[in-house]
Amino acid sequence: MSTSSSRKPNSSIIKRKKKKSIACRRCHTHKIKCSGEQPCTKCQNAGCADECTYVNRDRQIKVHERWSLVNYLDQLAAENERLREQLSQSPAALSQSRLAPQDEHASDGDAAVQNPMIGERGWFQPYDPSAPPIHIGEAACTAFATRLRQVLTQSKAILHMPRTQYTPETTLYKIRDPALEWPGLPHARLLIQIVFHQVSRVYHLFLRKSTIQELEDVYRKGTFDDPILKTKFFALFALGEVYSARSNSSMECRVPGAAYYVNAMTMIPILPERPSMTVIESLLLLSLYSYFLNRRHSAFLLVGDAMRLGLTLGLNHDIPECNCPDPVERQHRIRLWWAIYVFDRMYGSKTGWPVQIADDDIYVEMPSEIADDPQEEQFSDTQFLIANIQLARITGQTIDKVYSRKRQPDSFLQREQKLLISLKQWSQALPPHLRLHRDGHVPKNVVSLHLQFNQCIMLATRPILLFALIQSRNVADRNSKQSTQLKNQTLKTLGDACIHAARNTHSLIVDEWANGSLPIYGYFYAHYLFSCALIMVISSQVNPENQSDFALFETAYEILRMMRDHGNLAATEFYDNLESVRQCLDDSAVPKIRNSSLVSHTTEHGNPDTVSLLAEQEHRPSEVSLTGNATLPDSTLPGGPGDEMIFLDQSMEDFLAQPDVDFESLDSSGMPVNMADAVYSWPNFSLWTA
């Protein structure tokens, strides 16, 4: 293929260029030769230089445009030739070329700070030809499921599954009832108590004692039409119903509490110019309920509104005592801001969207104890809230450092190291009552905290595990006897951490399910179960000695099926994604343990007995290594399996202790670590080879 320096323009274009004359309007009219100047000589001599205009100027521009088109085609031809040369090189060379900066003026150091892991362009999925395409965040677990299916099938044609299992606006309009009445006072008290138990132990969204007093005042004074209070309490009633119900007879919407939610939403179409704390509380409560309807976009918008209203009130700043003398109100401001912060980071980790406010823009102190609340009448556990905030900060950093497209100051593995060091420090700093202990009942808020901790580890490390799967399947395709394990100890260590976190999440959720304490309509438990199930699939595929993890995948699959049958919309979406993953596994890729475990534990209805299957798995060794090396049993570890076990492995300690050195060439086979950065770009190679 010729390049731009050797290619000659078409001779006919040159001839036309030589023959074509440029004449002003006057010379053209009089059919006389024009000098082509501005003004031309004839017009100057005639004294009409100001009227000298050209009729053929556009033709001249078109000639230049044709020359530009020729140059552009030459550049495309040269680019195609360069890409063909890259395809003939090794995968390592291809990765390095993709990492190179495209700007000829960029410095040599720019290549090290770019993040090519997720490709150069955003990922979009059109749901309907008549609607705008929807952006897909790479950090979303459903996006990871699609990447996994692409790797399992080795097909770039696999598309992201559209999210259709949510409550649409048409359904919400149908169940809207402006005449919906408040429940009786005893029922209202019960619903509020349920929200206290299920929600306020994890997030500070309202003052508990003050909320009960407000409820009593509404029923005593009959102020049922106050739109601000009605919005807040209807949001609370919606959450109380969905957390307590096990079934719903509504024909329009299967999710309990939806009628209260819709009526509360209709009261906030116009946000207040001077917001109150109650309005922000209501927005957060409604955003949380939106997840039960699997309306993630609505939840994201609501928490965004809450954040911006909070900024107008200065919740991200410490308020002077002279402006807010009541210590309860000051602490309420602090804790409500941090609830907004936690929601922002948590929602972003579920969808892959960037955080809506940077840590540098927050100047408010952490929650603290106050003397006016000795029995925790208004506030929940302060130490828990601080741990939750700190974990949310690390979660936001994980999205930023692993899944963003912006330039980074260090390499991928250096970012991994910093994130895992932060998680280790967080785990070691936990007070005893927030650690996992197998010798008794674990409170729900502690379970929730450790589920998010495990999810953060999986978010940070699962690209490495997916790379392990890509490498193992590429080896299999070459019919090579080379080991399918990761060659580099560092990458293997990160894969081990991901697998252990997934196993621990699986164990915690199945325990909640077996104890009957898992919210049947809950979004977050279904999401965590789906996330760990994907890791179990990869683990069983990467190493034959981890095939027992496929039984854990089957258990998660079965629980999601039962949650789907009860009307859980998120579980329906995640179940469909897992079903698609299963279909991508051919018979030879499915571990044999699948059939034996399910046949031996079936109920009279022919369904797998999840609890019996779990009981069998609880007695198996708790190995987490890709190489099959067993680790210490959970019971021998300080703080329980979810606290420090991941960081007690010697290889992990070695990785975290390494100084800030260049990680570019860790793979002894010559495969650069940057190839791990490009895991998520692997399905998009067609964009570069077309």
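I take angles under 35 degrees as roughly parallel, over 145 as roughly antiparallel, 65 to 115 as roughly perpendicular and the rest as oblique. The model is predicted, so that local features need pLDDT of at least 70 and side-chain atom pairs count only at pLDDT 80 or more, while totals for chains, interfaces and linings use all residues. Residues are numbered from 1 along each chain as its sequence is written, and side-chain values use heavy atoms, with hydrogens and water left out.

**Entry 1: α11 and α13**

I looked up helix α11 (residues 227-244) against α13 and found axes that come within 9 Å and cross at roughly 25 degrees. Axes here are lines fitted to C-alpha atoms, for helices over the stretch in contact, and angles run from 0 to 180 degrees between N-to-C directions. The helices α11 and α13 are therefore roughly parallel to each other. I noted their crossing as left-handed (the near helix is turned anticlockwise from the far one by less than a right angle; clockwise would be right-handed). Helices (H or I, at least four residues) and strands (E, at least two) are DSSP runs, numbered from the N terminus.

For contact I used heavy atoms within 4.5 Å. The α11 side includes I228, L236 and Y243, and the α13 side includes V279, L285 and Y289. I recorded 12 nonpolar, three polar and two charged residues in this contact. In this classification Ala, Val, Leu, Ile, Met, Phe, Trp, Tyr, Cys and Pro count as nonpolar, Asp, Glu, Lys and Arg as charged, and the others, Gly among them, as polar.

**Entry 2: α13 and α14**

I then followed α13 (residues 277-290) to α14, where the two pack at an angle of about 165 degrees with their axes 8 Å apart. The pair α13 and α14 is therefore roughly antiparallel, and the crossing is left-handed. Among the residues that meet are I280, L283 and L284 in α13 and A299, L302 and L309 in α14. Their contact divides into 10 nonpolar, four polar and one charged residue.

**Entry 3: α20 and α21**

I found the axes of α20 and helix α21 (residues 549-565) within 8 Å, crossing at roughly 150 degrees. These two helices, α20 and α21, are therefore roughly antiparallel to each other. Their crossing is left-handed. The contact includes F530, M536 and V537 of α20, and F550, F553 and M563 of α21. I counted it by class as 13 nonpolar, two polar and one charged.

**Entry 4: cavities**

A cavity is a set of points, on a 1 Å grid over the protein atoms alone, where a 1.4 Å probe fits but cannot get out, and lining residues have an atom within 4 Å of a point. Grid points are joined across faces, edges and corners, and a volume is the space filled by probe spheres set on the points.

The largest cavity holds about 370 Å³. Of its 25 lining residues, V202, Y203, S448, F524 and Y525 lie nearest the centre. Helix α18 gives the largest share of this lining, five residues. I noted 17 nonpolar, six polar and two charged residues there.

The second largest cavity has a volume of about 230 Å³. I listed 21 lining residues, with A140, T142, H160, R163 and R296 nearest the centre. Elements giving two or more residues to this lining include β2 (134-136), α14 (296-312) and α22 (569-583). Its lining has nine nonpolar, eight polar and four charged residues.

Notes: 1 Å grid on protein atoms, 1.4 Å probe; cavity = no way out; pocket = protein on both sides within 12 Å on 5 of 7 lines; lining within 4 Å.
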